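Please read the points below with the sequence and the model open beside you. Each point takes up one topic.

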Amino acid sequence: ESEIQSLKEDITALKREKDAIILAHNYQRPEIYDIADKIGDSLELSLAARDARAECIIFCGVDFMAETAKILSPDARVYLPAEDTQCPMAHMVSESDIFSLKEQYPDADVVSYVNTSASTKALSDICCTSANAIEIVRSCASDQVIFLPDQNLASYVQRFSDKLIIPGRGNCYVHDRITPIMVDNMRAFHWNAPFIAHPECRPEVIDIADAVCSTSGMIAYCQDHPAETFIIGTENGMIERLKREIPEKRFYAVGGICTPMKQTTLDAVKDSLLSGAGEVTLEKSLIYTARGALERMLQISG
Ligand code: 13P
Ligand code: SF4
C-alpha cells in the first residue's frame, strides 16, 4: 500500500516537473484514476487533448485514443505508457475495405468511429464516438452513410435514422460477448434494476436495455435515475468508475474485461514520465489528413 502511495507521489511530482497532464479512460484501473487530471469517455478525452496546454500528454487508454490526442494536439508530446494497448476493433477496417465501399457507394459519406487508426480517419469525412454517433450521422449531407468499423454501433444508429447505413464488419470482443441470457440472469437477482447497455452491444441486447449510453453517459444516467441498483452492460472497469462517482448506489456488471485497457500500470506511467517511453509518433502528413474528420466532429459536438 505504501509502495503504491509513493509511486503516486512520484508521478504527481514528475507531472509538475515535465509539464504533463494525464488523461485516463473510464475503463482504466482505479489506481490510475487517482493520478489522472481527467477521466472520461472517448469524446471527453478528445476534447481534453485538444484543449491541453501542457507540453506532454500521458494517455492511459488504448492506441487509437493516444493517436487521436496526438492528431488534435500535434505540438504536445503524447505518450502511451503501456505496450500491447491495441484496441482490436480499431484494426478491423483496412484502407482497401474503405476504397471498395466508396466504389460501391460513391455518394455515401464515410463516418468512422473514433476507434480507428489514423489512416482510416484520413479517408473519412467525419468521426464519431459512442456519445454522438446519432447526431453525427444526422449531420451528414448524404442519405447514405458508410459507418466503420463497428457493425453493432451502426445497427444502433440505424434505429434513429432514415438514411441507408452501410456498416463495416468490425465489433468489440468485450461488448459483442454480452448476451440477453447474461442480462436475464442478473435481472433474476436484481429485478427492479435498470439495465444500461453500451451501444457496442449486439442488437438483441440493445432491445432489452432500459438505456443506451456512452461510458460517461452512464454516470449521468445513474446519477439522475431514482433507482439504487443498476445492471451495467459494458467493460467491467466501468463499475469502479461508477462506484467512485456515485458511492451510495450499487452496480452489477454483465460485461467482460478489455485486456488492452488494463495494461497501463503506475510503474509504466512513471517510466513514461521519466524516460519518455511509449511516445506516439505520426507522420506530419497523416496528422494533417486525419485531423479534418476529427475537427468536423468536434465542431458539431465540442
Ligand atoms: P466510450 O467512448 O463510450 O467511453 O467508449 C469507448 C470504448 O472503447 C468502448 O468500448
Ligand atoms: Fe476496443 Fe472494446 Fe476495448 Fe473499447 S472495450 S477499447 S472497443 S476492445
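1. A nonpolar core is a set of buried Ala, Val, Leu, Ile, Met, Phe, Trp, Tyr and Cys residues joined through C-beta atoms within 7 Å, where buried means that 20 or more other C-beta atoms lie within 10 Å of a residue's own, exposed means 12 or fewer, and partly exposed lies in between, with C-beta atoms placed from the backbone. The largest such core has 91 residues, of which Ile57, Ile58 and Phe59 touch the most other members. Helix α4 (residues 63–72) gives the most to this core, namely six residues; helices here are DSSP runs of H or I with at least four residues, numbered from the N terminus.

2. The model is predicted, and local features need pLDDT of at least 70, side-chain atom pairs count only at pLDDT 80 or more, and totals for chains, interfaces and linings use all residues. Residues are numbered from 1 along each chain as its sequence is written, while chains are lettered from A and ligands numbered from 1 in the order in which they are written.

3. Leaving aside residues up to four places away in sequence, Ile57 touches Ile21, Leu23, Ala49, Ala52, Ala69, Ser73, Ala76 and Val78, a contact being a pair of C-beta atoms, placed from the backbone, within 7 Å.

4. Helix α3 (residues 42–51) packs against α4 at an angle of about 35°, with the axes 8 Å apart; the axes are lines fitted to C-alpha atoms over the stretch in contact, and angles run from 0 to 180 degrees between N-to-C directions. From α3 the contact takes Ser42, Leu45, Ser46, Ala49 and Arg50, and from α4 it takes Met65, Thr68, Ala69 and Leu72.

5. Which residues surround ligand 2? They are Val62, Cys87, Pro88, Met89, Asn115, Cys172, Tyr173, Val174, Glu235, Cys258, Pro260 and Met261, each with its C-beta atom, placed from the backbone, within 6 Å of the ligand. By class, 10 are nonpolar, one is polar and one is charged, where Ala, Val, Leu, Ile, Met, Phe, Trp, Tyr, Cys and Pro count as nonpolar, Asp, Glu, Lys and Arg as charged, and the others, Gly among them, as polar.

6. The shell around ligand 1 divides into one nonpolar, seven polar and three charged residues, and its members include Asn26, Asp41, Ser42 and Asn115.

7. Glu44 is placed in helix α3, and it counts as partly exposed because it has 19 C-beta neighbours inside 10 Å. The C-alpha atoms of Glu44 and Leu23 are separated by 9.8 Å, although the two are 21 residues apart along the chain.

Conventions: Helix = DSSP H or I, 4+ residues; strand = E, 2+ residues; numbered from the N terminus. Contact = placed C-beta atoms within 7 Å.
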